[in-house]
Amino acid sequence: LGLSALKGKLGSALSSFPVDVLDDPTRPEGLGSRPFDAEGRASQPVKLVDRGRLVSMLSNRSTSTMMGGQVAGQSLLVQIGGSMIPAPWPSNIVFSTGDATLDEMIEDSRRPTLYLTSNWYTRYSNYEEGSFSTIPRDGAFLVENGEVVRPVRRIRISDNIVGLFSRIEEMGKDLTQVHWWEVETPTFVPYVKFSDVRITAAPM
């Protein structure tokens, strides 16, 4: 449908930070792991982002034929228009890690920084541009001169997902699997520090 913010960016650098992103249906502890896909092909990991560069996208038999690529067992039966059809669909998204602990990331923050533990109600205002907003929850804290000084309330992140990815400054060394009603695709991600995130006031 042409609604992805990554349209036309295959082969492009998304971030100067050397981050890797995999779709890995073979990960033993992954809640989205599957031995084969909806078209009967054996599942295998596919690198989507290699050191910040978008190198691949998910595909099934029909999309790989159109793009002249190789099929890698990435389809799932998805309900579209009242019918169940095999469509390219993620299994477990796995990010690479950095070399910092959370404490070190906080201690290294010289500028005023927000430490956010979770977020929910992420909604896109424009899928094609990647513009979204989301509300921090569970804990939001102001960090000044490397120390957590106080909690922060009633804020919202209003930014662009592609722009945010390009502003990765640091990544933690430990992965956590995230999966709940707001994160339908199991995602293994470390703590990530971004620069210049757009924060707005959330309503009461």
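How many aromatic pairs does the count come to? In this predicted model, where local features need pLDDT of at least 70, side-chain atom pairs count only at pLDDT 80 or more, and totals for chains, interfaces and linings use all residues, the count comes to 8 aromatic pairs. Residues are numbered from 1 along each chain as its sequence is written, and side-chain values use heavy atoms, with hydrogens and water left out.

Rings of Phe, Tyr and Trp (for Trp, its six-membered ring) pair if their centres lie within 6.5 Å; planes under 30 degrees apart count as stacked, over 60 as edge-to-face and the rest as tilted. Tyr 124 and Tyr 127 are a stacked pair, because their ring centres are 5.3 Å apart and their planes are at 20 degrees. Relative accessible area, found with a 1.4 Å probe on protein chains only, sorts residues into buried (under 20%), exposed (over 50%) and partly exposed (in between). Tyr 124 is partly exposed at 34%, whereas Tyr 127 is exposed at 54%. An aromatic cluster is formed by Trp 120, Tyr 121, Trp 180 and Trp 181.

Charged groups also meet rings here, a charge being counted as over a ring if NZ of Lys or CZ of Arg is within 6 Å of the ring centre and within 35 degrees of the ring normal. Arg 137 lies over the face of Trp 120, 4.6 Å from the ring centre. The charged end of Arg 27 is placed over the ring of Phe 188, at 4.3 Å from its centre.

Next come the strands. Helices (H or I, at least four residues) and strands (E, at least two) are DSSP runs numbered from the N terminus, and two strands pair if DSSP finds at least two bridges between them. An open sheet of 6 strands has the order β3-β2-β1-β6-β13-β12, with mixed pairing. Its edge strands, β3 (53-54) and β12 (176-180), each pair on one side only. Within this sheet, β1 (residues 21-23) and β6 (residues 93-95) are antiparallel and share 3 bridges, with Leu 22 partnered by Val 94 of β6.

Strand β10 (residues 155-160) is mostly covered, with 5 of its 6 residues buried. Antiparallel pairing joins β10 to β8 (residues 131-144) over 4 bridges, and to β15 (residues 199-201) over 3 bridges. In the pairing with β15, Thr 200 is the bridge partner of Arg 156.

Ser 131 lies in strand β8, and its bridge partner in β10 is Asn 160. Ser 131 is buried, at 18% relative accessible area. Leaving aside residues up to four places away in sequence, its contacts (heavy atoms within 4.5 Å) are Arg 123, Tyr 124, Ser 125, Asn 126, Asp 159 and Asn 160.

Finally, the whole structure holds 9 salt bridges, each a side-chain nitrogen of Lys or Arg within 4 Å of a carboxyl oxygen of Asp or Glu. One of them joins Glu 182 and Arg 123, at 3.0 Å from N to O. Because Glu 182 lies in the loop between β12 and β13 (183-189) and Arg 123 in strand β7 (residues 113-126), this pair ties together parts that are 59 residues apart in sequence. Arg 123 is partly exposed, at 41%.

Arg 137 returns here as the salt-bridge partner of Asp 138, their closest N and O atoms being 2.8 Å apart. Asp 138 is exposed at 61%, while Arg 137 is partly exposed at 26%. Another salt bridge links Asp 50 with Lys 47 at 3.6 Å between the closest N and O atoms, and Asp 20 is linked with these two residues in a network of salt bridges.
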